[in-house]
Amino acid sequence: MENTNFNLIIETMASLGVTPESIAQSVAINANDACRQDYRPLQDDEWRLLATFFPDEPSQSNTMDNRTFVNAVLAVIHRGGRWTDHPKKGSYSDAVRRRFGRWAHLGIWQRVAEKTTEIELTIERRIEFKATADRAERLRRKSA
């Protein structure tokens, strides 16, 4: 009986794309995050590599630029993924949440996560974008 349950767990994890390697990477990243309390914003060299993957947003007086927005999303994901935990609450966090949803439905986060494998980013950054794409995909499925 226990062996059957274990096999079912292994099959379910495999169908979700969870591998022993991804678990090991996640554990290593989580251990690293425990040492580093704060989210580290995208550096200039990282942004130069990533900027072209994101769409231009319409110019509005209250719209934040893409880099600020992407940093806000990654910070939320880094801290556990709750929009209400964002340090800037109110209309700012609501704007980030809504724009994240728009980009999720357009498949932008998934495409960016795929592209991060083609450019020179740290494994931590790649995992952050993968986690963001996973969150976006859950939102897309929930809304469908």
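Predicted model: local features only at pLDDT ≥ 70, side-chain atom pairs only at ≥ 80, totals over all residues.
Residues are numbered from 1 along each chain as its sequence is written, and side-chain values use heavy atoms, with hydrogens and water left out.

Overall numbers next. Of the 144 residues, 32% count as buried, and buried here means under 20% relative accessible area, with a 1.4 Å probe and protein chains only. For contacts, meaning heavy atoms within 4.5 Å, take those with a separation of 6 or more: 71% of them come from residues 24 or more positions apart.

Let's go to helix H4, residues 66-78, which is where asparagine 71 is found. Is asparagine 71 buried or exposed? Buried, because its relative accessible area is 13%. What does its side chain do? One of its polar atoms lies 2.8 Å from the backbone nitrogen of leucine 42. Leaving out residues up to four places away in sequence, asparagine 71 touches Tyr39, Pro41 and Leu42.

Also in H4 we have alanine 75. Alanine 75 counts as buried because its relative accessibility is 6%.

Two packed helices are described by the angle between their axes and the distance between the axes. Helix H6 (residues 108-115) packs on helix H7 (residues 123-143) at about 155°, with the axes 8 Å apart; the axes are lines fitted to C-alpha atoms over the stretch in contact, and angles run from 0 to 180 degrees between N-to-C directions. So H6 and H7 are roughly antiparallel, a label for angles over 145 degrees.

Who meets whom? From H6 it's Trp109, Gln110, Val112 and Ala113, and they meet Phe129, Lys130, Thr132, Ala133, Ala136, Glu137 and Arg140 in H7. Sorted by class, that contact has six nonpolar, two polar and three charged residues. For the classes, Ala, Val, Leu, Ile, Met, Phe, Trp, Tyr, Cys and Pro are nonpolar, Asp, Glu, Lys and Arg are charged, and the others, Gly among them, are polar.

Notes: Helix = DSSP H or I, 4+ residues; strand = E, 2+ residues; numbered from the N terminus. Buried < 20%, exposed > 50% of the residue type's maximum accessible area, 1.4 Å probe, protein only. Polar contact = N/O pair within 3.5 Å; in protein donor to acceptor, adjacent residues only side chain to side chain. Parallel < 35°, antiparallel > 145°, perpendicular 65-115°, else oblique.
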